Amino acid sequence: MDLSPIISKKTVASAGETGSWRNYRPAVIAELCSKCRNCVLYCPEGVISVGENSVEIDYNFCKGCGICKEVCEQRAIEIVPE
Amino acid sequence: MILPGNASCQGCPISMAMRCLDEISKPVLVIPAGCSTVIAGLHPKSAMNGPVVHVPFPSTHSVAAGLSEAYKRIGVKANVVAWMGDGAADIGFAALSASAARKDDLITIVVDNEAYMNTGTQASLSTFWKARTTTSPAGKTEERRNLALIMLAHKADYVATASVGYIRDLRRKFRKAGVMKGFRFIHVHTPCPPGWKFPSEKTVDVARKAVMSGAWILWEYDGKLKLSKAGEKYASKENRIPLEDYLKQGRFSHLSDEEIRELEQKIDEDWELLLRFS
Amino acid sequence: MQRSVRTEGNRNSSGIKKLLTSNEAIAEAVRIAKPDVIAAYPITPQSPIVERLAEMVDSGELDASFVRVESEYSAMAVVHGAATAGARVFTATSSHGLAYMFEMCWWIAGSRLPAVMAVATRSIGAPWNIHGDHTDIMSLRDAGWIIGMAESAQEAFDMTLQAFVVSEEVNIPFAVGIDAFTMSHTAEVVEVRDVRLPKRKQAYRILPDMEVAVNAVTLGDARMRARYDLAVDLEKSAEVIERTDSEFGSYGGLVEKYRLEDAEYAVVMAGGWCGDAKDAIDMLRDEGVKIGMLRLRFIRPFPEKAVKELPSEILVVDRANTGFRGILGIETSSCGVEVKNVVAGLGGLYVDVDRFYNLFRKFVDGKIEKVEWLI
């Protein structure tokens, strides 16, 4: 039986490269970042990860909501126009 | 559980809560109609890295109960998760109540954005008093239904309220529910930027102000009711922020000072009622 | 999807003869089918089926989960969920219960999940009426179910067992109709054959750790294809019904042909009331009238081939209407034959042998209008 009309398969970018939705981008100021992971936890998209010196953002999918800036207690994220 | 590049709006609290599902092992999601249906992926794509069973609006708990019962019989370990908005909790209330009374072995997560958002912000039973929606353009006049308290009255095995403003507390509650058995219910407050009319970066801020003003109470029950650490101090009125600070949303822009005092009264009554059970 | 059905011991087992109502006969068949999950909500006149099953589960006679739900909607939803996980499932309903679960009936069919449901066919209000007609089960026609209608308690027993086999082979849910009270609550001698059904098989099931979604929002042609596949497979289920017919009582597949061999006049009917109609046919035969009956054992798939083989004089007697016409009247005439159509017996209004005799006499005499109501 052909199940393709009713079964959907796991896909990253199910709605495309949502980075293109952005008007503003969050930019990490590495020297201020304490890697507290607040932005990692609160990012609705799950596109922030802890990197070598600071957190890193996957701009392919970051929708630019700005929540990361709001939850950063170190003020290590600024929002800049695209 | 939710993968990047999904269809959620900017600053979506449901997407934030969905990410926390990684605290629950072997989840099988049952999702009725709502924003979550769209976020979870449009055919032929699924935005989730686990199984999702899409179902009609009022059926969520009964489909979840069937899955849970069948897994038990065929010896499959699973955490069946009935994941729904306040809309599905409204229309599926009879099934929710029956499932709680049967103590079905499943986790219910209601992501409550206080209106029917996916159809365009119509009033739900959860809509905040006096809030403007597309079906209550002059402000909602009915009561705000307290779903978690109703679940407490069913003596559910676990009942918790949570908020996307307190994600560590929320994750802890998901984790706790995930290792328990029986009927587990978590009511998550999910402020919605387009529905409540506030900027997308303010989701967490608004969620926290709901708790800090006393408008959303964080508590849990596992045989005994207790206030959650993250919000317990707001039981005392003097610790709360002014309600006006929370109400800085488009849906409340019509309120007079007198109406805001009425809302404060309502909030006090909710605290009083809840604390009678503690 | 061809697969031979091995039902061990069907033919050779003579079974035990018991005095059972059709409700009880169905409960016996379900016990023998060994379902994993049963969910049901009571409604007259179906309730004795699920009460009996609940007794069997509580006494340990039947090893199954019985989920007590708050509505028929949830009965079908629980069955839907359990079937999604791979469980053999059963429910039963009637009338308003079927109306209430209608949405889920579409979902379980569209999801291609095997399931069996008994329907004690009863009128739908308003006004309130708990008695028999076929209004409820006919509403399933568009949903994508296999719809069978038994005539006796024995056939209800056999068809229920066959339903599990057919449904699980073609991945389409199966409804077994029995007439309210005249079957559901009327005892007959039933040979209870203790058969062993094949293990449950289904096109897919959803388990933890699978990275798939079922029934996500479709765009483009997916819904069209899903609906087309279901329509094609529903037609194909006729082959499976006919192939397995001899294992489950040898009734003739989609239809029973009663005294049709040399018939010049044919009556088309379905359900339990065919028994009285057959007596009337016998009376006319005794008078030398060449009349017979095509009893539709199945409404879906519709027995088009058998209808096309009928003589030119056809009377369809319906127990459910749409607008002024009978539903089977429309269905039958859609096969390209001319029919006379009578709507009768709604809300349990009794059509006894004499009334059938008078009706058929009128038909044979050419005095029936295109469509008539027997009020």
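**Figure 1. The open sheet of chain C in the predicted model.** In this predicted model, 7 strands of chain C form an open sheet. Their order across the sheet is E3-E2-E4-E5-E7-E6-E13, and the pairing is mixed. Strands of a sheet pair through backbone hydrogen bonds, and this pairing is either parallel or antiparallel. Strand E3 (65-68) and strand E13 (298-300) of chain C each have a single partner strand and stand at the edges, so one side of each is left without a neighbour in the sheet. On average, and with direction ignored, neighbouring strands of this sheet are turned by 20° against each other.

Figure 2. Strand E6 (residues 146-149) of chain C pairs with E13(C) in the antiparallel sense, over 2 bridges. Within this pair, Ile147(C) has Arg300(C) in E13(C) as its bridge partner. Helix H2 (residues 47-59) of chain C packs on the sheet. The strands of chain C that H2(C) touches are strand E2 (37-40), E3, strand E4 (89-93) and strand E5 (116-121). The direction of H2(C) makes about 130° with that of E3(C).

Figure 3. Which residues does the cis peptide bond with omega of about 5° join? This bond joins Gly125(C) and Ala126(C). Another cis peptide bond joins Ala126(C) and Pro127(C), with omega of about -5°. Ala126(C) has its place in the loop between E5 and helix H6 (135-138) of chain C. Pro127(C) is likewise placed in the loop between E5 and H6 of chain C.

Figure 4. Lys130(B) is a residue other than glycine, yet its phi has a positive value, near 70°. Lys130(B) is found in the loop between strand E5 (106-112) and helix H6 (147-153) of chain B. Is Lys130(B) buried or exposed? Lys130(B) is buried, because 21 other C-beta atoms lie within 10 Å and the cut-off for a buried residue is 20 or more. Ser250(C) is not a glycine either, and its phi is positive, at about 50°. The loop that holds Ser250(C) runs between helix H8 (222-244) and strand E10 (255-258) of chain C. Ser250(C) counts as exposed, because it has 10 C-beta neighbours inside 10 Å and a residue with 12 or fewer is exposed.

**Figure 5. The contact between chain B and chain C.** Here 36 residues of chain B are in contact with 38 residues of chain C. Helix H2 (35-39), strand E3 (52-54), helix H3 (60-74) and helix H5 (93-102) of chain B give two or more residues each to the side of chain B that touches chain C. Which of these elements gives the most to this side? H3(B) gives the most, with 11 residues. By class, the side of chain B that touches chain C has 22 nonpolar, 10 polar and 4 charged residues. Strand pairing also links the two chains: E3(B) and strand E9 (residues 212-214) of chain C run parallel and are joined by 2 bridges. In this pair, Val53(B) has Val214(C) in E9(C) as its bridge partner.

**Figure 6. The contact between chain B and chain A.** In this view, 28 residues of chain B are in contact with 29 residues of chain A. Helix H1 (13-19), strand E2 (45-46) and helix H9 (203-212) of chain B each supply at least two residues of the side that touches chain A. The residues of this side of chain B divide into 11 nonpolar, 12 polar and 5 charged. Strand E1 (residues 7-10) of chain A pairs with E2(B) in the parallel sense, over 2 bridges. Lys9(A) stands opposite Lys45(B) in E2(B).

**Figure 7. The fold of chain A.** Chain A has 2 helices and 5 strands, and along the sequence they follow the pattern β-β-α-β-β-α-β. The radius of gyration of chain A is 16 Å, whereas a compact globule of 82 residues would have one near 12 Å. Along the principal axes, the C-alpha atoms of chain A fill a box of roughly 55 × 25 × 20 Å. Of the 82 residues in chain A, 40% are buried. Among contacts in chain A between residues at least 6 apart in sequence, 67% join residues at least 24 apart.

Terms used:
Residues are numbered from 1 along each chain as its sequence is written. Chains are lettered from A and ligands numbered from 1 in the order in which they are written. This is a predicted model: local features need pLDDT of at least 70, side-chain atom pairs count only at pLDDT 80 or more; totals for chains, interfaces and linings use all residues. Two residues are in contact if their C-beta atoms, placed from the backbone, lie within 7 Å. Helices (H or I, at least four residues) and strands (E, at least two) are DSSP runs, numbered from the N terminus. Ala, Val, Leu, Ile, Met, Phe, Trp, Tyr, Cys and Pro count as nonpolar, Asp, Glu, Lys and Arg as charged, and the others, Gly among them, as polar. Two strands pair if DSSP finds at least two bridges between them. The radius of gyration is taken over C-alpha atoms; the globule rule is 2.2 Å times the number of residues to the power 0.38. Axes are lines fitted to C-alpha atoms, for helices over the stretch in contact, and angles run from 0 to 180 degrees between N-to-C directions.
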